[in-house]
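I opened this entry to keep track of what I looked up. The notes follow the order in which I went through the structure.

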Amino acid sequence: MFWFAAHAGARRSEMLRTLKDDIDLEAGTVLIREKKRRRDVDESTRRVPLSDALRERLRKWLAVHPGSPYLFCQSGVIRRSKKRSKTTGHMGEKTRASTQKGRQAGIKNRQESPPGQLSRTEASDHFNRTLEGTKWENLTGWHCFRHSFASNCAASGVDQRLIDAWIGHTTEEMRRRYRHLIPSVEQAAIKSVFG
């Protein structure tokens, strides 16, 4: 997911909705299923080209994929997951037994679930645990990759129309959010014009 976010500029929700069939390794594209761009329809889509590095990582991931229709899925027990926790039967505060013995009576070991779509909280938990203890642990979430994707494309001279198509931007307000280029690139650009 880290590679996908960094190389495709997808939102967390878009990554979680991506199906295995949305990846076309031969054509080198991925179909991104959007919810934000067009509010008049349930879902719109855009195609984003795959970098060679992302294509290779996706090829390796698909070779060991657990079997769900979703590209990013997981089976088994996942820490902090309501649907794939180690145990089941925990009650809310109002229906919870008042004694320790009473609380433990309803808890059972959960059977391993089949591969399924990751939830938002599972994706965030994976993000935080992966970066924990590294110099990147201060990153606030998946969206930082979307910002860096747009900024890196712009800093490399990619036409703004292509960036808009890849990221799904339709308004000037959206474009302004990602136009904070690396200062040295801005300096090099102005020097290339005026010396």
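**Aromatic residues**

I began with the rings, and found that Phe2, Phe127, Trp142 and Phe145 make up one aromatic cluster. Rings of Phe, Tyr and Trp (its six-membered ring) pair if their centres lie within 6.5 Å; planes under 30 degrees apart are stacked, over 60 edge-to-face, and the rest tilted.

Before going on, I noted that this is a predicted model, in which local features need pLDDT of at least 70 and side-chain atom pairs count only at pLDDT 80 or more, while totals for chains, interfaces and linings use all residues. Residues are numbered from 1 along each chain as its sequence is written, and side-chain values use heavy atoms, with hydrogens and water left out.

How many aromatic pairs does a search of the whole structure find? It finds eight. One of them is Phe4 with Phe72, edge-to-face, at 5.4 Å centre to centre and 75° between the planes. This pair links distant parts of the chain, 68 residues apart: Phe4 is in helix H1 (residues 2-8), and Phe72 is in the loop between helix H3 (52-64) and strand E4 (73-74). Helices (H or I, at least four residues) and strands (E, at least two) are DSSP runs, numbered from the N terminus. Phe4 and Phe72 are both buried. Buried means under 20% relative accessible area, exposed over 50%, and partly exposed in between (1.4 Å probe, protein chains only).

I then looked at Phe127 and Trp142, a tilted pair with 5.0 Å centre to centre and 55° between the planes. Phe127 lies in helix H5 (residues 120-131) and Trp142 in the loop between H5 and helix H6 (143-155), so the pair ties together parts 15 residues apart in sequence. Phe127 has a relative accessible area of 1% and is therefore buried. Trp142 is at 4%, so it is buried too.

I also noted Arg57, which lies over the face of Trp3 at 3.7 Å from the ring centre. The rule asks for NZ of Lys or CZ of Arg within 6 Å of the ring centre and within 35 degrees of the ring normal.

H6 has 13 residues and reaches 18 Å from its first C-alpha to its last, close to the 18 Å expected. The expected span is 1.5 Å times one less than the number of residues. Its buried residues are Phe145, Arg146, Phe149, Ala150, Ser151 and Cys153. They pack against H1, helix H2 (12-17), strand E3 (44-49), H5 and helix H7 (160-167). Just after H6, Gly157 takes a positive phi of about 90°.

The largest nonpolar core has 29 residues; Met1, Phe4, Met15, Ile23, Leu58 and Trp142 touch the most other members. Such a core is a set of buried Ala, Val, Leu, Ile, Met, Phe, Trp, Tyr and Cys residues joined through side-chain atoms within 4.5 Å. Which element gives the largest share of this core? H6 does, with four residues.

**Pro66 and the cysteines**

Pro66 sits in the loop between H3 and E4. Its relative accessible area is 35%, so Pro66 is partly exposed. Leaving aside neighbours within four places in sequence, Pro66 is in contact (heavy atoms within 4.5 Å) with Trp61, Cys73 and Pro115.

Cys73 is buried because its relative accessibility is 6%. Cys153, at 11%, is therefore buried as well. With a disulfide taken as a pair of cysteine sulfur atoms within 2.5 Å, the count comes to zero.
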